[in-house]
Amino acid sequence: MWWLDNVLFFIALFAGTGAFAYQVWQISRVIRRGRPFDLNTTTTQKIKNLIVYGILQKKMFKYPPVGVMHILTVAGFFIINLEMIEIIAEALTETKRPFQYVLGEAYPLFIAVLEILAVIVAFAMLFFLFRRLVLRVPRLSHPDLDKKSHLDANMILVAVFFLMVFILLMNAADYALYLKGEHTYAFSTPFLVTSWVAMFMAGMDAGTLHFLERLGWWGHNLLMFALAAYLPRSKHLHMFFSFVNTALTPNMPRGKMLHKPEIKAVIESFLTGTDAGGEQPERFGARDVLDLPWKSILDAFTCTECGRCTAACPANQTGKKLSPRRIMMMTRDRAEDYLRHWRQNGWDAPPPEGSLFDYISEEEINACTTCAACVEECPVNINPLMIILEMRRHIVLDEGRASREWTIMFQNVENNGAPWQFPPTDRDKWARELQTQ
Ligand code: SF4
Ligand code: SF4
């Protein structure tokens, strides 16, 4: 029944990849509606960032064992998907294991690499689950993460584990069939890992082995397509967006506050009583998610919710309400509000009710020391500080609200040209006093 398998396979393939592509395109529409932002990078820098931070995951190696585990997982996950290409070719050509005719003598090596990586990825998933469920690493059991976040993370880890198990099951059953004389494999070199499992299957009849082989094949494929359809709704979208986000790392010092010439022009005109000239922005800073630079919205969709930023945040460590991870999660939740709203009401509909301040409180953003430790820590080059600063700008410049300490400082800057309570004429008084001592 090759044809039936193939028809069902292609229906599942198009449904899964189509759902993934459609949802990612919709997300990209929301991102592109953010404020303009100049990355100030060249193509060479983008490629370098992609390799260093996206593929080699440089920042993960601050903690070498976790770094090694991650890089093997990512490498494994993507290389294993070469198997997917073989499966598609298998369905198109109705030929079992078509890569063996292309790769020739290198095919057993290809299978060996795939199987080793499948085992590594499967163990890595168990290790990550163990850290979450048994060791309960503090940053992974922080109150930022609700039940949905935990469920999402655990579900994906279990799904990837079974993706690997299914592929190993398929190979083991296939090799057991080979041992029974069903030669779909043209070489004498045994499969490196699954030939050992196949020995335990030697007592099974051919019908059972065919069933197990199909179970592995369909299990892997259906799970893969279901994952593709689900990922855009999950924090695990970072599996794809982290490559885009790291490539698009802005070329500027980490934590640098964006210079806004239009704000300077308006303040100067206010102080001097002259016309600011040019078109004035509708609002300063960010009241809502689309007031943010598009890069901040991409950051929000890329966040892995790993919590390294929050673990390094001095405000969080000293018991303040601020958590940079929560800033990213809430920004994404608000961006998803827009996504849902426009899906239901059309992409020209006015924005949904509410604002980003319904998700992130002033208490949180005012607690930030602007130290940029969160930016430094983030393994995928996300900048939570940019969102905090844009929201602060809005509170201060558009709504005229600031904490008492800031208001005093602003008044001093306005009156004295400096944050202190002394007039400019007294600025060197302390030095004169020192000389007379
Ligand atoms: S910049 Fe703000 S949010 Fe980031 S680590 Fe420092 S205090 Fe925390
Ligand atoms: S912003 Fe970066 S460090 Fe913080 S939770 Fe998200 S991915 Fe992790």
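In this predicted model, 33% of the 437 residues of the protein chain count as buried. A residue is called buried here if 20 or more other C-beta atoms lie within 10 Å of its own.

The secondary structure of the protein chain consists of 19 helices and zero strands. Along the principal axes, the C-alpha atoms fill a box of roughly 100 × 55 × 40 Å. Contacts can also be sorted by separation in sequence. Of those between residues at least 6 apart, 77% join residues at least 24 apart.

The domain assignment divides the protein chain into domain 1 (2-245), domain 2 (261-399) and domain 3 (403-437). Between the C-alpha centres of domain 2 and domain 3 the distance is 31 Å.

Two ligands can be described by the residues around them. Ligand 1 is surrounded by 16 residues, and the closest are Cys313, Cys368, Cys371, Ala373 and Cys374. Helix H13 (314-317), helix H16 (373-377) and helix H17 (384-398) are the elements that give two or more residues to this shell. Among the contributors, H17 gives the most, with three residues. Sorted by class, the shell around ligand 1 holds 14 nonpolar residues and two polar ones, with no charged residues.

Around ligand 2 there are 15 residues, of which Cys303, Cys306, Cys309, Arg325 and Cys378 are the closest. At least two residues of the shell come from each of helix H12 (308-312) and helix H14 (324-345). H14 gives the most to the shell around ligand 2, with three residues. The classes in this shell are nine nonpolar, two polar and four charged residues.

The mean pLDDT of the protein chain is 88, and 98% of the residues reach 70 or more. Which helices mark the two ends of the confidence range, lowest and highest? Confidence is lowest in helix H19 (residues 429-436), with a mean of 74, and highest in helix H11 (residues 294-302), at 96. Where pLDDT is low, predicted coordinates should not be read in detail.

Technical notes. Residues are numbered from 1 along each chain as its sequence is written. Chains are lettered from A and ligands numbered from 1 in the order in which they are written. This is a predicted model: local features need pLDDT of at least 70, side-chain atom pairs count only at pLDDT 80 or more; totals for chains, interfaces and linings use all residues. Helices (H or I, at least four residues) and strands (E, at least two) are DSSP runs, numbered from the N terminus. A residue is buried if 20 or more other C-beta atoms lie within 10 Å of its own, exposed if 12 or fewer, and partly exposed in between; C-beta atoms are placed from the backbone. Two residues are in contact if their C-beta atoms, placed from the backbone, lie within 7 Å. A residue is near a molecule or strand if its C-beta atom, placed from the backbone, lies within 6 Å of it. Ala, Val, Leu, Ile, Met, Phe, Trp, Tyr, Cys and Pro count as nonpolar, Asp, Glu, Lys and Arg as charged, and the others, Gly among them, as polar. pLDDT is the predictor's confidence in each residue, from 0 to 100. Domain bounds come from an automatic or database domain assignment.
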